[in-house]
Number of protein chains: 2
Amino acid sequence: MQRRLVQTASYLIRRNNVACRFSRYNGLPVASYSTKTVPFTADTYSQKVQRDAKFKQLESQDIEYFKSVLPENSIITDEDDLLFFNEDWMRKYRGQSQLVLKPKTTEQVASILKYCNDNKLAVVPQGGNTGLVGGSNPIFDEIIISLSAMNKIRSFDPVSGILKVDAGVILETADQYLAEQGYIFPLDLGAKGSCHVGGNVACNAGGLRLLRYGSLHGSVLGLEAVLPDGTVYNSMHSLRKDNTGYDLKQLFIGSEGTLGIITGVSILCPSRPQAQNVAFLAVSSYEAVQKVFVQARKELQEILSAFEFMDNTSQKLTAKHLGLEHPIESGDFPFYVLIETSGSNKEHDDEKLETFLGNAMEEGLVDDGIIAQDEAQIQSLWSWRESIPEATTIGGGVYKYDVSIPLADLYGLVEDINTRLNDAGIASLDDESKPVLAALGYGHIGDGNLHLNVSVRKYSPEIETILEPFVYEWIAKKNGSISAEHGLGFQKKNYIGYSKNEIEVKLIKEIKQHYDPNGIMNPYKYV
Amino acid sequence: MQRRLVQTASYLIRRNNVACRFSRYNGLPVASYSTKTVPFTADTYSQKVQRDAKFKQLESQDIEYFKSVLPENSIITDEDDLLFFNEDWMRKYRGQSQLVLKPKTTEQVASILKYCNDNKLAVVPQGGNTGLVGGSNPIFDEIIISLSAMNKIRSFDPVSGILKVDAGVILETADQYLAEQGYIFPLDLGAKGSCHVGGNVACNAGGLRLLRYGSLHGSVLGLEAVLPDGTVYNSMHSLRKDNTGYDLKQLFIGSEGTLGIITGVSILCPSRPQAQNVAFLAVSSYEAVQKVFVQARKELQEILSAFEFMDNTSQKLTAKHLGLEHPIESGDFPFYVLIETSGSNKEHDDEKLETFLGNAMEEGLVDDGIIAQDEAQIQSLWSWRESIPEATTIGGGVYKYDVSIPLADLYGLVEDINTRLNDAGIASLDDESKPVLAALGYGHIGDGNLHLNVSVRKYSPEIETILEPFVYEWIAKKNGSISAEHGLGFQKKNYIGYSKNEIEVKLIKEIKQHYDPNGIMNPYKYV
């Protein structure tokens, strides 16, 4: 587990209020485990979900079977050790699994699944356990199949840039390996120090640089997956073009462990950019944010690699959380934008960026801004963006919504939620007697992806009534998605109807039935 | 049909030996139809394929039904007019359909398919009929459903760059529309003046600029399709990120009309590059071609938009076909490379390209080369690349293979085929008594995609025995794909096993059975 503590700075920050959990797992004194116990998901949501009686309960003979097919140290049954796998990292969900299996090979995964399918034992595949919707934790007593022991880089071709890895390889490990070869992993996200490549693919992770490198549906060239009945679907191709039959691997991208377990990934990686710039801009209206985006796409085109926006509240909370002055000291602006460029020629990129910023300021679209002068400043500006998720929990908790909305309407959702909260008289940034601090918005505007966060001092049914189903109905009216990149998991299982029509949902359920007729794969979730 | 004659120059060249067929359809004298009649596919391949007796034969009451749901002029039954739809443009395949339907709306497509499914009438969806594997023509009496009357651009959002079109919009029409808005269609291919966007998606077209803009699996954001039972799958989303359920639209991308009929496409379009360069290089070995590619990817990175290679034979035939001197006059080189850059700043791009070429020549990787000085020269250099397919038929015919092979091995296939042909003593560029001119290779090397063409003076079983199954076995040994971008269609139906393993093929067949249990969609093809 050492790897989970060896993380990028930003990720360590995000995680430090649950650090004791990791310490405990590493054998440190239980006394340091001071945070409150997370209630069982089954208790919290007893109205919503019941254990399905069709699933067999785990018996000692089952464990004996798993011992017969797995090497030593691949089976966890100790109550304390199980906790790490039963809980999600945000400590919202807690399952009651009595068994974690850590296979080392695809064949072992196949043996496990075949047995579980034959015996109707429900399972939860688990990668780095960094999800945000409770998708990788059991709800009841499902067996957890952790991919963490399948962590080998299988091959890399430096001519084509095609990387093949086990599913359990940590994203940052893969990227560091690629960096040595002059390549870059076409995906980057805050959890990179812990999340697994297989988990990324299973959840169709989007992240910070989708704008530049596109979605995993485009860059994943091949997959190896084990189907519920133990069939090994070996489709680890390394061809950029292959039109021979339906592209079935696409079904697994974003299936969240409900169709099978991804055990291997073949992915096309771009050349690593030789030059990078980051600019942090102050913008006075959401309309101007959109105009800056359109202009950036036009003028920076091929070198634009990230376009992130943050509202004023997100920055206030981040400044408080980090205990630092905001990078732009000249005032308090309604919106901020982080622009990153990545290219092959620093001089050209500098010139393009400076011309673009000059034009934008001249046109009054940008009020103020700074450009990072070195790698340390680049990291520092990124950390202002990447620290927001943690900063939103400063009051005690946060309701998180990760949504896609057509650009023009995107920020309207945050404004409307704040209006509702203020009308109810329950929100204040300063008055600690109010249960809510505020609703705030930030995200990957280049992808139409808003992270709506409602920062709270405590969770309460009253707040939830104000938020839901309002948020989902609002998104549905704009033909948006209730889950841009976080997935459905347990949290959004019942809300897919807000983003997909009845026929789409029916066809999705038919595919689930087609591949997993016994329903053993990650039950109580997704659809 | 006017549009098929109003084409880009390169496409007109490619098509001019079958131009009389189009003329005839336009009402010109039949006397001008001098080329030989194409034999029925059912006769040519009578050993391989029989009409499936489960399909109903067309009756007058069926036509009455179609008349009741379609507007006037949407039904073709005239023998002469049918020919255009029954034959493929390369004149290799000819079906015997007695009916073409040209629906104008999705609902009409749904009515047609529901009726056909209920009555077990087999159908063939047809876009621009520009395919290369006989996928869009009937084999027997299947009803042809042409999407040519569904040709409206539905909407375009200039902020996000998301275009929504009817499936029957011609690729070039869509791109011209986008050009006016400062955007570009993320796909380009020789047949752009005739092919349909829906057909491109159904066949997962790759084309010339996949290297830059990625595959349709990444850029298509939404689809509307009619399933065999008449269900309208409306999934015309315009969200770059949407993780709510399995991404079912992916199954239709590359399904070649075997799962349903695509009626609408939503696609993400990039900003149109403001600067473009084309360089044409002479290279003395295939090893050097690979080195130039790796170097180009590194030095030109974000502006590299095409990297095409052509062997010496392909250029000899093209020069003869066009009746022109080769653009590089300094000698006869084993290989040629066309590099295109697209960017936002001409000056920067020029500098990058010149630096790159300077380095490549200094290192001895490139022997000679030219850079286009204006748009006319860019077009002229591209036409050297785009005229190859037509030039390969200069002797009378051509066997075409479109394959993906790992880069290092790619050209070895062409060499090995030439060895076999020469060993058999049947090939000569000059000796007209030999049935074969030569095997030659060209293609999108940036995508690992080789077009192996065997240029012949006549088709013969002897040649075919030398080529097959040798070609497919060779590709299978290298873990390549027997169809990189052309698809399976009728031509490669029985060869999928060379590129996909048994389990992959089994799962593909199960999906076909799942969506089309009566098998009415484009039968006798694909798998």
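Biologist: How many cavities of 30 Å³ or more does a search of the whole structure find?
Modeller: The search gives 5 of them, a cavity being a set of points on a 1 Å grid over the protein atoms alone where a 1.4 Å probe fits but cannot get out. This is a predicted model, in which local features need pLDDT of at least 70 and side-chain atom pairs pLDDT 80 or more, while totals for chains, interfaces and linings use all residues. Residues are numbered from 1 along each chain, chains are lettered from A and ligands numbered from 1 as written, and side-chain values use heavy atoms, without hydrogens or water.

Biologist: And what lines the second largest cavity?
Modeller: Its lining, meaning residues with an atom within 4 Å of a point, includes Arg51(B), Phe55(B), Asp141(B) and Ile143(B), and the cavity holds about 50 Å³ of space.

Biologist: Switching topic, how many residues of chain B are in contact with chain A?
Modeller: On the chain B side 89 residues are in contact (heavy atoms within 4.5 Å) with 90 residues of chain A. Lys241(B), Asn243(B) and Tyr246(B) supply 15% of the area that chain B buries against chain A, more than any other three residues.

Biologist: What is the total area buried between them?
Modeller: Counting the accessible area (1.4 Å probe) lost on being put together, summed over both parts, about 7100 Å² is buried, and carbon and sulfur atoms give 53% of that.

Biologist: Last one, how is chain A divided into domains?
Modeller: An automatic or database assignment gives domain 1 (41-146), domain 2 (153-268), domain 3 (275-389) and domain 4 (393-486), with 43 Å between the C-alpha centres of domain 1 and domain 3 of chain A.

Methods: 1 Å grid on protein atoms, 1.4 Å probe; cavity = no way out; pocket = protein on both sides within 12 Å on 5 of 7 lines; lining within 4 Å. Points joined across faces, edges and corners; volume = space filled by probe spheres on them. Buried area = accessible area lost by both parts, 1.4 Å probe.
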